[in-house]
Amino acid sequence: MQEDNFPCQDIMTAVDFLQNFLNGISIGSVYAIFALGYTLVFSILGIINFAHSAVFTLGAYLTYSLAVGQFGISGILAGFRIPFQLSFPISLLIGAVLSGITGVLVERCAFRPLRARDADSLMALVSSLGVALVAVNVIQYLAGSEIYSFPADVYGDIRPAIMFHVAGKVVVIRTVQVIIFAVSMVILAILVYLINFTRIGKALRAVAENTSTSSLLGINVDRFILYTFFLSGFLGGIAGSLVGTSFGIAGPYFGVTYGLKGLAVIVLGGMGSVPGTVFGGLIIGLTEAFVPSDYSAYKEAVAFAFLLIVLLVRPQGLLGQSQIHKV
Amino acid sequence: MEDFLQNNGFLLVTLTQQALLAISLYYPLMTGQLSVASPGFYAVGGYIAAIMGTIDFFAPWRAVLGWAIFPLEWLIAGLVSAVLAVLVGIPALRLRGIYLALATIAFVEILRVLCLNMEITGGAIGIFGVPQMFENRWSYIWVFGPLLIIMLLFTWRLEQTRVGRAFKAVREDEMAADCMGVNPTYFKVMAFVIGAVLAGVVGAMSAPFLNTWNARQGTFDASIAYLAYVLIGGSRSMWGPVMGAILLAALPEILRPLKDARLIINGLVLIIASIYLPQGIVGALQRLRIFMIRRVSSMSGGS
Amino acid sequence: MSIIIEVEQLSRNFGGLTAVKDVSFTVEEGEIFGLIGPNGAGKTTLFNLMTGITPVSKGTIKYKGHLLTGLPPFRIAAQGIGRTFQNIRLFKGLSALDNIKVAQHSRTVSGLISGIFGLSKCRLEEKRATEKAWKILNLVGLSDRAMELAANFSYGDQRRLEIGRALALDPNVLLLDEPAAGMNAAEKHSLTRFICEISEQFNLTLLLIEHHVPLVMNLCDRIAVLNFGELITIGSPAEVQKNPAVIEAYLGAE
C-alpha cells in the first residue's frame with residue numbers, strides 16, 4: 001500500500017511544482033519588465049523614478065480603453081463607451097507607446113527642472129511622487145475608482161486557458177500567462193539587441209557610464225535621457241497592461257504595490273543591472289508562487305523580505321553595478 | 001468659539017499630530033539619514049494602545065488604573081518602539097542614502113503585512129472601539145499640544161548642545177565627523193531611536209483619538225506624506241517639518257470645496273515646491289529675511 | 001626622543017590593485033615627517049589607513065605602543081591623532097566656531113539628557129569648549145568670522161580653519177594632507193611658519209603629505225618617499241634629494 005502511494009505523491013508534488021513554476025515565471029517576468037523601467041532610469045540618472053508605478057497604472061487603463069472601451073459608473077467618463085475597439089495586440093502596443101510618451105512628460109515635468117537647478121536628489125523623489133499623485137488622481141477623476149476587468153474574449157479566438165491532466169490533477173496554463181511570458185521574452189530580446197548591438201544602445205551605455213564625458217563626445221545627453229524615459233514608460237505600460245488583463249484593474253491605486261515590489265526587484269538584482277533585474281523579477285515571482293497556500297497572506301511580504309535581507313546582507317544585490325553593461 | 005472648535009477641532013488636533021510625525025522623520029534626517037520608518041512605529045504604537053484598551057487580558061489593568069492606563073500605553077509604546085528601533089536600526093543604518101530609505105520602506109511594508117494577518121491585531125479589519133481619553137475630539141489637543149511643545153523645546157535645546165553638534169556634523173560629512181572623534185553609528189542610531197519613540201508614542205495617543213486602528217495606519221503613503229512635510233517645509237530646521245505638516249495636511253481640507261481636484265492640486269504643490277523651494281518653506285523664508293535686511297540696509301545707506 | 005608612530009609591513013589591496021605594499025617606518029616624537037611621491041603613490045591611502053578610514057589588508061600601525069589597526073576612526077581621533085584632508089572636508093553648513101567645537105567631542109562628555117537639561121557640569125563644559133574654540137580661531141586668524149558658515153570662506157581660509165579644527169582635538173600627532181595645495185608663494189611661506197609654530201607650541205609630531213618640494217625640504221626633519229605604494233627611501237631632505245631612485249620615480253613618472 002505504501003509503495004502505491006509513493007509514486008502518486010511524487011507526481012502530485014511534481015504537478016504542484018509545475019503549476020507553481022509556471023505561475024511564478026509568468027508573474028516574475030512581469031515584475032522583471034516593470035522593474036527594467038526603474039533600472040534604465042537609475043542607470044542614466046542615478047535616481048529612482050517614483051512616478052513609474054503611475055505609468056504602469058496608466059498603461060493598464062489605456063489598453064483597457066482601447067480594447068474594451070466601456071467605462072464604469074464613477075468618474076467623469078461614467079457610462080461612456082468608446083465607439084471603436086481595437087484588437088488586443090494593437091491596444092497593447094498603442095497603450096505602451098502612449099505610456100512611453102507619458103514617461104517623457106514625467107521627465108520634463110518632474111526631473112528636468114531639478115537637473116537644471118542642480119538640486120538635491122531627494123527633491124527628485126518628492127517631485128516624482130507628486131507627479132504620481134497627480135497622474136493617479138487624474139485617472140481616478142476620469143475613470144472612477146472601481147474595478148475594471150478585461151472580458152474573457154479579449155484575446156479574440158484563442159482559448160482562455162489550456163488544461164492538461166497529469167495523474168488525476170489538473171495543470172492550468174492560462175492564455176494570458178503564455179502571452180505575458182511571450183511578450184516579456186520578446187521585449188527582453190529587443191532590449192538586449194537594442195542595448196548591445198545598436199548605436200543607440202551604445203550611446204545609452206556611454207551616457208549611463210558618464211554623462212559629462214558622453215556629452216563631450218558629442219552625444220546629445222538630453223535626447224538620450226528622453227529615449228530612456230520613453231523606453232521606461234513603454235515597459236511600465238506593457239507591464240501594467242499585462243497585469244491588468246491577467247488580474248483585472250483593481251482601481252487607480254493598483255499600481256502602488258507593484259511599484260514597491262519593483263524596488264525589491266532592482267535591489268535584489270542590483271540597481272542598474274539589466275540581467276540582474278530580470279533574475280530578480282523571476283526569483284521574486286517564483287518565490288511568491290511557491291509560498292504554501294496556508295501562508296498565502298504572507299505572499300505580499302515576500303518581496304519586501306527579499307528587499308530587507310538583500311540590503312542588510314549584500315546591498316549591491318546579485319549583479320550590482322551602476323551602469324548598463326553588456327548583457 | 002464653541003462652533004469653531006466643534007467644526008475644526010478634529011482638524012487642529014490632526015495638524016498637531018501630523019507635525020509631530022513630521023518631527024519623528026526629522027530626527028533621523030538630522031544625522032543625514034533618509035528614513036521613512038516612522039509610519040511603522042506609529043502603527044506599532046497604535047496597536048499597543050488599541051490592544052491594551054480592548055482585549056480581555058488587560059481588563060483588570062484598565063479597572064485598576066482608570067485613566068492612567070493611557071500614559072502607561074504611551075510608555076509601553078515608547079519602550080517597544082525604542083527596542084524595535086535599536087534592533088532594526090543598527091543593521092539598517094550601515095546603509096546610505098536611497099538604500100536606507102528602501103530598507104525602511106521594506107520595514108514598513110513587512111510590518112503592514114504582518115499586522116494585516118495576525119489575530120491579535122484584528123487582521124484586515126483591525127481593532128474597533130478603542131476607548132476614548134476624552135469626551136470630544138477637540139480635547140485631545142491637551143495631549144498632542146503639550147507633546148509638540150515639549151518636542152520643540154527638546155529639539156531647540158538639542159541643537160545648542162554637544163549632541164546636537166554631533167548630529168549636524170554627521171549629517172554634513174560622516175567621514176570627517178568620524179575623524180574628529182564623533183562616533184557616527186552611535187548618533188545615527190540615537191536619532192533613529194528618538195524618531196521611532198516619538199512616532200510610537202504619537203501612535204499610542206492616536207488610537208483612542210481615531211477610535212479604530214488597522215493596517216492602513218502605517219503605509220508607504222504615510223511615509224511619502226511625512227517626507228513631503230519635512231522636505232517642503234525645510235529639512236534644516238525644526239520649524240520646517242512643523243510648517244510643512246501644517247500646510248500640507250491642511251491643504252486637502254482647505255481645498256475641500258474643490259472635491260475631486262484636491263489631491264491633484266496636492267500633487268502639483270509637491271512638484272512645484274520641490275522644484276522652486278529646494279530649501280523648503282523655512283529656507284525660502286530665511287532667504288527672504290536676508291534679502292529684506294539687505295534691502296533695508298542698502299536703502300538707509302543710500303539715503 | 002621616543003618613537004611615537006610605528007608602521008610595520010603595512011599593505012592595502014583593493015581587489016587586484018595594491019595601493020600600499022609592505023610599508024614600514026617609524027616616526028619620532030616631535031618630528032616633522034614628510035611624505036612625498038608622485039600622484040597615485042599611495043600617500044593619502046597611507047593616511048587613511050593610519051586614521052582607520054580604510055581597513056588594513058596586512059601589517060600593523062602602533063601609536064605610543066598601542067595597536068591602532070582595526071580601530072574605528074573616532075577612537076583613533078580620541079587617542080590624539082588629528083588630520084586634515086586633501087579635498088578639505090569642513091562641515092560646510094556649520095559656522096567656523098561650530099566646526100572647531102565639534103572636534104572637541106572626544107574631550108567632552110555631556111550626553112543627550114544632561115546636555116538638554118543644562119546641568120551645571122555640562123554648562124561649564126560648554127563654556128570651556130567655546131572659549132577654547134575662540135582661542136584656536138584667534139590662532140588661525142579667523143576669529144572675526146567665527147559665526148560665518150564654513151562654506152563661505154575662501155579656499156586658503158578653509159585650509160586654515162581645517163587645521164584649526166584638527167588642533168581642537170588636542171592631538172599629539174597631526175596628519176596634514178597637502179595643506180599647501182592651491183596656495184601662492186606668500187601663503188605657502190606663512191603656512192610654513194605657522195606649521196613650525198604650532199609644532200613647537202603644542203608639542204606636536206607632524207606628518208605632512210606635500211607636493212611642493214621646497215616646502216617639504218625646508219620644513220621636514222625626515223622625508224619618506226613613496227612610489228606605486230612602496231617605500232623607496234627614508235632620510236633627511238638632503239639625502240632624499242640626492243637619491244637616484246627618487247629622482248627616477250619623479251622623472252620616470254612623467
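1. In strand β3 (residues 32–36) of chain C, 5 of the 5 residues are buried, so this strand is largely enclosed by the rest of the structure. Buried here requires 20 or more other C-beta atoms, placed from the backbone, within 10 Å of the residue's own, and strands are DSSP runs (E, at least two residues), whereas helices are runs of H or I with at least four, both numbered from the N terminus.

2. This is a predicted model, in which local features need pLDDT of at least 70 and side-chain atom pairs count only at pLDDT 80 or more, while totals for chains, interfaces and linings use all residues. Residues are numbered from 1 along each chain as its sequence is written, and chains are lettered from A and ligands numbered from 1 in the order in which they are written.

3. C:I32, C:G34 and C:I36 point one way from β3(C), and C:F33 and C:L35 point the other way.

4. β3(C) runs parallel to strand β8 (residues 205–209) of chain C, joined to it by 4 bridges, with C:F33 opposite C:L207 and C:G34 opposite C:L208. With strand β9 (residues 222–227) of chain C the pairing is also parallel, over 4 bridges, and there C:G34 has C:I223 as its bridge partner. Pairing requires at least two DSSP bridges between the strands.

5. The open sheet has 6 strands in the order β6-β7-β8-β3-β9-β10 (chain C), with mixed pairing. Because β6 (81–83) and β10 (230–235) of chain C stand at the edges with a single partner strand each, one side of each is left without a neighbour in the sheet.

Conventions: A residue is buried if 20 or more other C-beta atoms lie within 10 Å of its own, exposed if 12 or fewer, and partly exposed in between; C-beta atoms are placed from the backbone.
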